[in-house]
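Here's a quick tour of a protein model, one topic at a time. Keep the picture open while you read.

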Amino acid sequence: MEKITIKAQHPVYIRNAEEEVQLLKNGSYQEKADYICCHTFKSREAQMILVNDEPELVELQSYISEASWHPEVRKILEARGHLAKNVSDVTDYKAWLKHVLMRSQLSFKNDKEHAIRKQALMSVGARVFPVRSEEDLEKVIFSGNPRTIRLLDRELPPRLVGPYVEYAPIESVFRYLLNFNIDTPDGQCNLIRRGNDALTWKMAICCTLQPESMRLIEESGNLPLLYTATIRTYGWDVQKSLKLGSIRKLQEHLTAEFNKKYGTEMVL
């Protein structure tokens, strides 16, 4: 029988500026990387430490979310050649256009609308990656080449999500989870099997879990994680909340049932 071990009892929490600085000074590399993958360092103070002392983490944060850089810090990175220079104030617009063009498969009603959006994207200087066929995507994923897989910057067909989660670099799975839902049973189970607790917690918070992945979490014995996944997955059911009077009452009911079943004292 498959046995999954998940040790972390809570997700990676968001920190304030002082706490981010302390993490950079005293935390392990893995703790810093997990924080970037889950939230990115937001404060100017922490980002300046990254720029001066942690080049590998600078690259990781840019990969996870280039838009997370503080304007002052971004200028330094641009001057050093770590980031492309912004020639206008359309960074957010470019990011949005790229998202709907290259990542969302259902963004356009027809080819004409797709062509118009592509033209708008190129007019503001954004790079446009070639749209790959499903067969090409499959070949890249099963190639096992991390550098090539890392370039798959778009939403994947459901049948390829599981293999992607299995073979992609861990930071790429975080990035994919940031932009899209991982909602297939094999995708969720493969993510849990990767053995990265921060990633598993992030999925439990962001996604409605499938019975198969819920079962893996239950079998791991990590009850705080199982409770969080239970509330996230079942605690927002509109029809059940109407019967009980509110979402809050539904979640209170789920909490009481969970505590009764597992002998815990979880609170909302």
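Which residue caps the N-terminal end of α15? The residue is Asn222: a side-chain oxygen of Asn222 lies 3.1 Å from the backbone nitrogen of Leu225. That is a polar contact, meaning a pair of N or O atoms within 3.5 Å, where within protein one must be able to donate a hydrogen and the other to accept it, and residues adjacent in sequence count only if both atoms are side-chain atoms.

Before going on, note that this is a predicted model: local features need pLDDT of at least 70, side-chain atom pairs count only at pLDDT 80 or more, and totals for chains, interfaces and linings use all residues. Residues are numbered from 1 along each chain as its sequence is written, and side-chain values use heavy atoms, with hydrogens and water left out.

**The whole chain**

- The protein chain has 17 helices and zero strands; helices (H or I, at least four residues) and strands (E, at least two) are DSSP runs, numbered from the N terminus.
- Of the 268 residues in the chain, 43% are buried, where buried means under 20% relative accessible area, exposed over 50% and partly exposed in between (1.4 Å probe, protein chains only).
- Among contacts (heavy atoms within 4.5 Å) with a separation of 6 or more, 51% are between residues 24 or more positions apart.

**Helix α15**

- Helix α15 covers residues 223-234, so 12 residues, and spans 16 Å from its first C-alpha to its last, close to the expected 16 Å (1.5 Å times one less than its number of residues).
- Its buried residues are Leu225, Leu226, Tyr227, Ala229, Thr230, Ile231 and Thr233.
- The cover over those buried residues includes α13, α14 (211-220) and α17 (247-262).

**Two residues of helix α17**

- Thr255 sits in α17 and counts as buried because its relative accessible area is 6%.
- The side chain of Thr255 reaches the backbone oxygen of Gln251 at 2.7 Å.
- Beyond its neighbours within four places in sequence, Thr255 is in contact with Tyr227, Ile231, Met266, Val267 and Leu268.
- Gln251 is also in α17, and it is buried because its relative accessible area is 9%.
- A polar atom of the Gln251 side chain lies 3.1 Å from the backbone oxygen of Gly235.
- Leaving out residues up to four places away in sequence, Gln251 touches Ile231, Gly235, Trp236 and Leu268.

**A cavity and a pocket**

- On a 1 Å grid over the protein atoms alone, a cavity is a set of points where a 1.4 Å probe fits but cannot get out, and a pocket is an open set with protein on both sides within 12 Å along at least five of seven lines; lining residues have an atom within 4 Å of a point.
- Grid points are joined across faces, edges and corners, and a volume is the space filled by probe spheres set on the points.
- There is one cavity of 30 Å³ or more, and the largest cavity holds about 60 Å³.
- Helix α11 (residues 170-179) gives the largest share of that cavity's lining, four residues.
- The second largest pocket has a volume of about 280 Å³.
- Of the 13 residues lining that pocket, the closest to its centre are His10, Val12, Arg15, Glu31 and Asp34.
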